[in-house]
There are 2 protein chains.
Amino acid sequence: MDMRESTSGAPASAALRVNGARLWDSLMQLARIGATEKGGVCRLALTELDRQARDLFVAWAKEIGCAVRIDAIGNIFARRAGTRDDLPPVTTGSHIDTQPTGGKFDGNYGVLAGLEVLRTLAEAGVMTPAPLEVAVWTNEEGSRFVPVMMGSGVFAGAFTLDHVLAQRDREGVSVRDALEAIGYAGPSAAPHPVGAYFEAHIEQGPVLEAHDTTIGVVQGALGQRWYDVSVHGMEAHAGPTPMELRRDALLVAAELIMTVNRIARDHAPHGRGTVGWVDVHPNSRNVIPGRVTLTVDLRAPDDTALTAMDSTLRAACAAAGAKAGMRIDVEQVVYFAPQPFDPALVEAVRAGAAALGLSAMDVISGAGHDAVYLARVAPAAMIFVPCKDGISHNEIEDARPEHLEAGCNVLLHAMLNAAQAMGSTTR
Amino acid sequence: MDMRESTSGAPASAALRVNGARLWDSLMQLARIGATEKGGVCRLALTELDRQARDLFVAWAKEIGCAVRIDAIGNIFARRAGTRDDLPPVTTGSHIDTQPTGGKFDGNYGVLAGLEVLRTLAEAGVMTPAPLEVAVWTNEEGSRFVPVMMGSGVFAGAFTLDHVLAQRDREGVSVRDALEAIGYAGPSAAPHPVGAYFEAHIEQGPVLEAHDTTIGVVQGALGQRWYDVSVHGMEAHAGPTPMELRRDALLVAAELIMTVNRIARDHAPHGRGTVGWVDVHPNSRNVIPGRVTLTVDLRAPDDTALTAMDSTLRAACAAAGAKAGMRIDVEQVVYFAPQPFDPALVEAVRAGAAALGLSAMDVISGAGHDAVYLARVAPAAMIFVPCKDGISHNEIEDARPEHLEAGCNVLLHAMLNAAQAMGSTTR
């Protein structure tokens, strides 16, 4: 089988497979930049370490003949020409910035899986009708600069370039200056059209592992509503104050914590409800809490469900406040709309897994990813692979080489099929 | 009416009343030492301000002919001789150290009410069979040095002198050095016998005000058990982790907070249950809490109830842990035994209030007071008066002059009756 003769894609390339060992080696090589003692990675966006990682990616992309372009927010696009180079590219990618105590796979896997796809095609001499592209999106994590998913957000028009360039880190350094300092401030230009966008990512959750399944066919991303809730009771001494004369803000907060859990369970299987942060005032062992502030994070796959959850939360707070005679403030601080992925691309992921004989299941992304912004401007889909114990954003984040390889093979064939399909479409 | 002729107490002194204006003036004068801008007092134990306040009390006591003695832990005893000076004294008192943001009345009222009783008797020329004594107990608040109720604790044998002298504040200054620095390190000696001990105090709670009642006839002090409880779940991302795969430590903690409340209400009217302090880890808006530590404070008037509450708490933690598949650690960190007061002295307080035509009700002390330690070595009782909104340990702590005067009159007659009764007893 000499696939170097093939120039039209699908038929001759069906037997193509990525090189799993090369993918793993690249992941481990990239992970040395910012490696932590505990086996994780600390590589905050737009730092010197980020520059080193970007330079390594750019060098690797150029080695296989890619054209590399940087945009004004520092997103990197490594482009492999198509036989019909006028077509918009089939793009994949993710990010290589990490959390302060991040792992080796979050984001990095999506970028290097894309690179491995291009390396595999280069090695096999397979040309696609549409060009292929690997994107490295700037500052997905948001650990140093907010907003999170900054690069993909600018690309998709969620934020203006000027707004994000003016953001500063805790030391007062702006995004603009940090980009220039590392040499990744490209020229300003309108975002280029993207024909299709795929993103491979570790699941960052426990579902695939719990189902002993290799490929998560991601249907979309949950919508999110985040709130700050404050319960205003009355601080008093724990000893001299009888139970019936108390106005214990923590007791009411405890009810709300249980209510948030119930709201999510009433919207099974995809509803989520989390109280992750609690502040008790004065937080003293023998003082009845006078004020408790807590965060609420509600997520659902569609806006009907999310709106219903919002209404239930507000009604529960109002009822709890009325019953306890306390003021309860509910302020929504974040809203992300639910984002379904493109049905045809989702089907391409599912078909790819099936053709490869991999176990697969439909899943939903509970977290935000660059693909969620890309879905606003292009057909998009994601491929999840398991991560150990569902743990991410942690130095002990881990994934199995065979799962990473499997996900990369799904990505390869999904991209090939999309590039082929675009070539068959009259434009 | 010339009471100066009376030397035997009760009959001729039944019409005696304290000087409420003088009591109030002395309270306001003492409150200037360490006065805060918000109208409170900051006069930590064994500081220069404490010395000034002690000196003022000693000067006032000497003005009315009291003998003043200091013991090795700095307790001050101002003694007014009796006609049978071999009898143990009828003692009253409290403390004049305050919280960092303390008020004018907590402790100070008990000391100056005792002084006002002696002033009234001196002015009226009334002699009692047993001597009368006003004690100023060192470091009741425990804000600078622990343990709390240090002076009365040493007097009652709860702590050894050497142990407390070696305690240090945050700057490393020992109790021993601080006592010497302010000139209140007296000679070491065995505690003298106390015939009866009364302590007047603001309630520091809302019960008297809620019942529009002037005098609280204190039956005793609640026993206390304090715990540290840790719930060990599993930290995970709020987005990607479905509800059924979570091990949310905060959700279990919320159940325990409600359980603590229920346990106290099941032991009405005097049972108390408080979670005052909560620590959530990692306390991040979109991370399911992996570990929650909380304090539990249980109080009850008798050990049978307190033991039952302890058992229920432990069983509830065990059940919650088993249900959630989480380890829950329960560690008891403090135990104070319930302390009933002396029935005859309690009756003397009640009778005093009735004779004076004051509204009165039986109450229980939810907090610790010097009287609780004194009750271990002498018959003891307390007199509570209302404080505004039940607020104490706060610069806005407030009390009405007529309530303070009324409580002082009850103290006067309770002490007179006790001193009379002791004089009638063959020893």
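Pro147(A) sits in the loop between β4 (132-136) and α5 (150-155) of chain A. Helices here (H or I, at least four residues) and strands (E, at least two) are DSSP runs, numbered from the N terminus. A cis peptide bond joins Val146(A) to Pro147(A), with omega about 5 degrees. Chain B has a cis bond from Val146(B) to Pro147(B), with omega near 0 degrees. Pro147(B) lies in the loop between β4 (132-136) and α5 (150-155) of chain B.

This is a predicted model, in which local features need pLDDT of at least 70, side-chain atom pairs count only at pLDDT 80 or more, and totals for chains, interfaces and linings use all residues. Residues are numbered from 1 along each chain as its sequence is written, while chains are lettered from A and ligands numbered from 1 in the order in which they are written.

Another backbone feature belongs to Gln204(A). This residue is not a glycine, yet its phi is positive, about 65 degrees. Gln204(A) is placed in the loop between β5 (196-202) and α8 (207-210) of chain A.

Now the domains. Chain A splits into domain 1 (3-221 + 338-424) and domain 2 (223-336). These bounds come from an automatic or database domain assignment. The C-alpha centres of domain 1 and domain 2 of chain A lie 37 Å apart. Five residues of domain 1 of chain A are in contact with 10 residues of domain 2 of chain A. Contact requires C-beta atoms, placed from the backbone, to lie within 7 Å. The side of domain 1 of chain A that touches domain 2 of chain A has two nonpolar, three polar and no charged residues. In this classification, Ala, Val, Leu, Ile, Met, Phe, Trp, Tyr, Cys and Pro count as nonpolar, Asp, Glu, Lys and Arg as charged, and the others, Gly among them, as polar.

Next, helix packing. Two packed helices are described by the angle between their axes and the distance between the axes. Axes are lines fitted to C-alpha atoms, for helices over the stretch in contact, and angles run from 0 to 180 degrees between N-to-C directions. Angles under 35 degrees count as roughly parallel, over 145 as roughly antiparallel, 65 to 115 as roughly perpendicular and the rest as oblique.

Take helix α2 (residues 20-31) and helix α4 (residues 108-124) of chain A. They pack at an angle of about 135 degrees, with their axes 10 Å apart. That makes α2(A) oblique to α4(A). The crossing of α2(A) and α4(A) is right-handed. A crossing is left-handed if the near helix is turned anticlockwise from the far one by less than a right angle, and right-handed if clockwise. On α2(A), the contact uses Arg22(A), Leu23(A), Ser26(A), Leu27(A) and Leu30(A). From α4(A) come Asn108(A), Tyr109(A), Leu112(A), Ala113(A), Leu115(A), Glu116(A) and Arg119(A). The contact of α2(A) with α4(A) divides into seven nonpolar, two polar and three charged residues.

In chain B, α2 (residues 20-31) and α4 (residues 108-124) pack at about 135 degrees, with their axes 10 Å apart. The crossing of α2(B) and α4(B) is right-handed.

Helices α9 (residues 249-265) and α10 (residues 303-324) of chain A form another pair. Their axes come within 10 Å and cross at roughly 155 degrees. α9(A) and α10(A) are therefore roughly antiparallel. The crossing of α9(A) past α10(A) is right-handed. Residues in this contact include Val252(A), Leu256(A) and Ile263(A) of α9(A), and Leu313(A), Ala316(A) and Cys317(A) of α10(A). By class, the contact of α9(A) with α10(A) has 10 nonpolar, two polar and one charged.

Finally, the two chains together. In contact are 49 residues of chain B and 49 residues of chain A. Elements of chain B that each supply at least two residues to the side touching chain A include α8 (207-210), α9 (249-265) and β12 (291-300). α9(B) gives the most, with eight residues. The side of chain B that touches chain A has 27 nonpolar, 16 polar and six charged residues.

Two copies of a chain are related by a rotation about an axis and a shift along it. The same surface serves both copies, as 100% of the contact residues of chain B recur in chain A.

Terms used. Two residues are in contact if their C-beta atoms, placed from the backbone, lie within 7 Å.
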